[in-house]
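Below is a brief report on a two-chain model.

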Amino acid sequence: MRQVSADSFPQKAIHGPHQGRIATVGHHAMLIEDEPNIAEAIRFLLGREGWRVTTLGDGLAAEAEVRAARPDIVILDLMLPGRSGLEILTALRADPVTAALPVMMLTARGQGRDREAAEQAGADLFMAKPFSNAEFVAAARALVGV
Amino acid sequence: MALNAPTGSRVRERRQALGLRQAEVARAAGISASYLNLIEHNRRRVAGEVLARLASALGIEALALEEGAEGALAETLRAAAGETEGLAELDRLEEFIGRYPGWAQVTAGLHRRAGQLEQAVAALNDRLAHDPHLSLALHEVLSAVSSVRSTAAILAETEDIEPDWRARFHANLHHDSERLATGAEALVAYLDGSDSESAAGLATPQEELDDWLAARGWHLPELEEGASDLSGPDLSGLATAAARSLAAGWLAEMRRDAQTLPLAAMQAALAACGPDPLRIAARTGANVLAVMRRLALLPGAEAGLVICDASGALLFRKPAPGFAPPRSGAACALWPLYAALARPMTPSAARIEMAGRNGLRLQAFAWGEASYPQGLGGVELRQAAMMVTPIGRGETTEIRVGASCRICPLSDCPARREPSIVTDRPDLRG
């Protein structure tokens, strides 16, 4: 399992197009995504918002990690090695501790059936790849109530 | 009997085509000219004896006057009307056909075309949803595109990005662009083969091989004993390496069959035993499956042949008149093929009727065997084959079967596993 912490994120990056915005420091996002480059872009995007991002590269340990870390939001890829995003979501919803946790699903395939299943399993929001950075950040902020 | 209004019109048409006058025809048919006039204007029904006499006077079959080419046309138009939930005036169908024969043909033609396109769309849809190569290639490309989009946007929109991050993102972009190039190449190579394909598009290696064999009439003289060219058939007509490798395996088996059962021996056995694979196998000592392959692939053989493995997946499909095995996906569960698969070394024979408008009848014979290529303690493999031979329309049949559920119109089939796209019941529509 690959675990990357974003604690070393350069907070100086809170500038540029976001100048003047008050960064909401302290939110913790757990990202479960097997594409390292997408994960890195997301870490940067949310890091710039002042968030802490933990990345997990496969689905096997995800559930236990989420339960242990109690993040503010889980960003979950639908297609993962080890364990599918749908299975993880179902497990999270079945556990009272994580039942109400905001979950954003990243979907890459032709949506359809998988998306329907994830909707029923209780995903809060879907983000179809490829996504726009602004939309992604706005959605994440909305989900944690910023 | 259906409304026979247009029968009168057909009588008139036929009479005028022959250049006969009403009086002449009426006299020949033993009716009055005024009565014939009423019939011709569809004001009197005509049937039975009078119709038969008119038909004879006009030198035509009574049935042709009664139904004409419009029988099938009416059927098609009724089906078209059924799909539009009561919009069409069904009670005036005959009048429509009678008054606007051209428009009726156009409508029926459009309906048939829509049906064909629906099938093509369903086939394509099945491919997109079930083809693992395609979905993998697409997923790869989508993932790379997502990464490129986010990363490029970050680089473009973040003015004072840290050099460390910038370097990392540049490296990621580079890496993803390579992935994209490879992924796009794989997709193009994969989709390229579809150029030569018909509406069904995107051939699998299996279909490519089937098409290649079909183009050769399902018989390869190069494999027969005494063939002058020992290099065997030229496989360069197959576009993909996967199809060529599949073909090589299949051809090796065909060559073995040709050695075990040379053409002359097959002809002699056929003459002595008839097309009974069990008797031919008993006479020649050859394996029943080999006999079936040989029978169905003799030069000019009309019989169709399907072969499946233990999972039921079709490994080989040779169509026969009225028998079109599905090009992809699972076949009809009622085929005797699957009974033979479940009961190896026991013949399963049945006279089957293919569901559908034409309802062609076929004699099916199926046989299954188990094999143990790894010997004792190894895995068990199974293979079953089914040969189908067209039989006359008058023959009784034991069971109605389809090709595959998606395109099968049998609405009350106990073996149905998914809704059909051709059923007339909208609630079952896929």
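Which residue stands opposite E353(B) in β6(B)? It is R400(B).

This is a predicted model: local features need pLDDT of at least 70, side-chain atom pairs count only at pLDDT 80 or more, and totals for chains, interfaces and linings use all residues. Residues are numbered from 1 along each chain as its sequence is written, while chains are lettered from A and ligands numbered from 1 in the order in which they are written.

**Strands of chain B**

Strands (E, at least two residues) and helices (H or I, at least four) are DSSP runs, numbered from the N terminus. Two strands pair if DSSP finds at least two bridges between them. The table lists the pairings.

| Strands | Sense | Bridges | Residues paired |
|---|---|---|---|
| β3(B) (348-354), β4(B) (361-371) | antiparallel | six | R351(B), Q363(B) |
| β1(B), β2(B) (314-318) | antiparallel | four | V306(B), R317(B) |

β1(B) (304-309) has five of its six residues buried, so it is largely enclosed by the rest of the structure. Buried means 20 or more other C-beta atoms within 10 Å of a residue's own, with C-beta atoms placed from the backbone. β1(B) and β2(B) form a hairpin, with four residues between them. In the turn, G312(B) has a positive phi of about 90 degrees.

**Between the chains**

Contact means C-beta atoms, placed from the backbone, within 7 Å. Here 20 residues of chain A are in contact with 23 of chain B. Helix α1 (residues 36-48) of chain A gives the most to chain A's side, with six residues.

Technical notes: Two residues are in contact if their C-beta atoms, placed from the backbone, lie within 7 Å. A residue is buried if 20 or more other C-beta atoms lie within 10 Å of its own, exposed if 12 or fewer, and partly exposed in between; C-beta atoms are placed from the backbone.
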